[in-house]
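Colleague: Could you take a close look at one part of this model for me, and then walk outwards from there to the rest? Please give me the cut-offs as you go.

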Amino acid sequence: MAKQYETVIGLEVHIELATKTKIFCGCSTEFGGAPNSHTCPVCTGMPGSLPVLNKQVVEYAMAIGLATNCKITQVCKFDRKNYFYPDNPQNYQISQLYLPIARDGYVEIETGNGKKKVRIHEMHMEEDAGKLIHDEWDDTSLVDYNRSGVPLVEIVSEPDMRTADEVIAYLEKLRMIVQYLGASDCKLQEGSMRADVNLSVREVGSETFGTRTEMKNLNSFKAIAHAIEGERQRQIELLEEGKEVIQETRRWDDNKEHSYAMRSKEDAQDYRYFPEPDLVPIVISDEWIARVKAAQPELRSEKLERYKKEFDIPEYDAEIITESKKTADLFEAAAAACGKPKKVANWIMVEVFRLMKETGTEPEDLTFSPENLAKLIDLVDAGTINGTVAKKVFEKIFTDNVDPEKYVEEQGLKTVSDEGALKEVVEQVIAANPKAVEDYKGGKEKALGALMGQTMRAMKGKADPGVVNQMLRDMLK
Amino acid sequence: MADMANKISDETIEYVGILAKLELSEEEKEAAKADMEKMLDYIDTLNELDTAGVEPMSHVFPVSNVFREDVVTNGDNREETLANAPLRKEDSFEVPRTIG
């Protein structure tokens with residue numbers, strides 16, 4: 001019988017914090033500035049410059065630690081991790097090794113077999129590195145230090161995951177928690193959330209772990225799932241052939257669906273960590289922890305409870321809408337603007353999610369304003385436009401955030417309910433469809449539908465269906 | 001501890017040189033070995049002290065919680081940052097290609 005293998009996965013997740021300034025200097029963290037325009041002597045490692053810690057970084061890190069059930073390290077400090085690479089102008093990264101800000105936490109995920117805890121080993125604060133652009137033609141690389149010194153937290157899990165689905169559930173849970181806290185936008189594509197996957201395989205029932213590899217360069221959930229499956233297969237094949245898995249770092253190439261060894265244990269990095277002498281220790285009092293806890297925004301479970309009490313919407317809808325803070329915020333703002341939470345929930349559940357799926361849009365990338373959705377709902381309720389037209393208008397709101405009142409006016413989309421204006425069209429339809437008219441008069445109720453459809457089409461969908469229905473009935477009496 | 005207890009091997013001094021990105025001549029290696037041996041001997045002297053019950057020190061100054069507020073204070077500083085660049089291309093540092 002073929003051997004059965006189990007995959008053992010642990011993650012290192014880097015999350016870029018949503019501060020306005022870098023971790024140790026007053027440079028902006030804004031994305032997309034000209035190369036090196038957000039730099040200073042501190043974040044470019046000039047001799048004699050002194051880092052000063054951004055208090056907001058500590059508070060965001062504490063909030064994430066508390067929300068993931070970690071113990072806060074009440075005396076914590078920074079260490080230097082030494083390595084030479086051009087993305088790192090100081091030749092060391094300021095990070096935390098010995099006393100990281102938080103330890104021993106967990107998050108709960110949903111799996112096919114019920115709830116499961118993924119334990120968090122530790123979480124530390126550190127600075128990001130600069131960005132290297134490799135020139136295709138020249139034999140050079142270009143360095144931009146705008147990202148150098150941008151604050152990160154790294155969350156290191158225990159090797160508690162067994163499948164790609166569990167890994168993705170864990171990442172989605174972390175992302176949801178951090179987004180709810182407002183501590184980061186967690187966009188995988190833009191790199192504000194990054195995951196390194198540590199993976200090994202072992203025979204089912206084995207107590208010891210196999211040799212693990214670490215995979216980097218995973219910037220979408222799809223790439224992570226592919227990389228896990230690919231690496232699992234590669235390691236099983238090696239073992240089946242009687243070969244050994246080598247402990248190494250591998251880079252996943254999602255286009256080629258293949259990973260490459262980056263460096264192996266033989267030239268493993270020796271980071272020579274030592275305490276950072278330029279930064280003083282951080283002492284976190286019980287009062288400070290209590291303050292951060294008290295300032296914590298409403299988390300998802302609390303939001304769900306409130307929705308139950310405040311809004312008359314199905315629990316299922318509430319769960320879907322609160323899966324992302326962005327859709328929850330949209331829902332609440334639109335419901336407040338029009339006072340019709342049930343209708344707003346319907347629009348989000350049906351049209352918003354349909355368009356997101358069709359266009360591959362993540363919740364964080366939604367750009368339309370909730371006020372415009374609220375206005376659209378009011379327009380439908382007032383009978384100014386009908387449901388079919390509203391869906392078309394919403395597509396324009398979704399892509400271009402148009403003001404629906406103006407758009408309906410400009411495009412002449414108002415529902416025509418004036419019988420005088422409809423009469424001519426209805427008469428034409430009756431004259432052009434003698435068969436349907438005959439069928440209807442002969443008792444086939446269905447034939448009226450065909451005539452309705454013809455009329456609506458002739459009116460480009462803008463007629464009031466109730467009025468048209470009544471007119472047809474009256475005229476065919 | 002009068003006599004030198006610690007010995008640094010040729011391999012160790014070679015490895016430390018690689019980590020520090022230093023090319024050392026034979027004489028320099030010998031001198032560095034002697035220096036490192038002395039340093040380790042001194043650490044051994046410190047280790048003779050009984051530190052049971054003493055909190056590990058995390059910093060030499062009895063100061064903690066020095067913070068700044070999250071307010072942008074620096075503007076576009078790229079000309080000063082790039083002033084010492086050995087090679088510059090537009091607004092970026094230019095370095096030998098780092099990846100294959």
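Modeller: Burial first: a residue counts as buried if 20 or more other C-beta atoms lie within 10 Å of its own, as exposed if 12 or fewer do, and as partly exposed in between, with C-beta atoms placed from the backbone. Keep in mind that this is a predicted model, where local features need pLDDT of at least 70 and side-chain atom pairs count only at pLDDT 80 or more, while totals for chains, interfaces and linings use all residues. For bookkeeping, residues are numbered from 1 along each chain as its sequence is written, and chains are lettered from A and ligands numbered from 1 in the order in which they are written.

The part I'd pick is helix H13 of chain A, residues 434-441 (helices are DSSP runs of H or I with at least four residues, strands are runs of E with at least two, both numbered from the N terminus). Ala436(A), Val437(A) and Tyr440(A) are its buried residues. Looking down the axis of H13(A), these fall within an arc of 100 degrees (taken over the directions from the helix axis to the C-beta atoms), so they line one face of the helix. Turned away from that buried side are the exposed Pro434(A), Lys435(A) and Glu438(A). What the buried residues of H13(A) pack against is helix H12 (419-432) and helix H14 (446-458) of chain A; contact here means C-beta atoms, placed from the backbone, within 7 Å. Just past H13(A), Gly443(A) has a positive phi of about 110 degrees.

Zooming out, chain A is split into domain 1 (5-288), domain 2 (298-411) and domain 3 (419-476), with bounds from an automatic or database domain assignment. Between domain 1 and domain 3 of chain A, the C-alpha centres are 65 Å apart.

Now some strands of chain A, where pairing takes at least two DSSP bridges. Strand S1 (residues 5-16) runs antiparallel to strand S12 (residues 193-203), with eleven bridges, and Val13(A) sits opposite Ala195(A) in S12(A). S12(A) also pairs with strand S13 (residues 213-218), antiparallel over four bridges; there, Ala195(A) has Leu218(A) as its bridge partner. There is also an open antiparallel sheet of three strands, ordered S6-S5-S16 in chain A. Its edge strands are S6 (92-95) and S16 (274-275), each pairing on one side only.

Then the partner chain. The contact takes 39 residues from chain A and 32 residues from chain B. On the side of chain A, strand S10 (140-144) is among the elements that give two or more residues, and S10(A) gives the most, with five. That side has 19 nonpolar, 13 polar and seven charged residues (Ala, Val, Leu, Ile, Met, Phe, Trp, Tyr, Cys and Pro are nonpolar, Asp, Glu, Lys and Arg charged, the others, Gly among them, polar). S10(A) is also joined to strand S3 (residues 92-96) of chain B by four bridges, running antiparallel, and Val143(A) faces Phe93(B) there.

As for chain B itself, the pattern along the sequence is α-α-β-α-β-β. Its radius of gyration, 23 Å, is well over the 13 Å that the globule rule gives for 100 residues, so chain B is more spread out than a compact globule (taken over C-alpha atoms; the rule is 2.2 Å times the number of residues to the power 0.38).

How values were computed:
Two residues are in contact if their C-beta atoms, placed from the backbone, lie within 7 Å.
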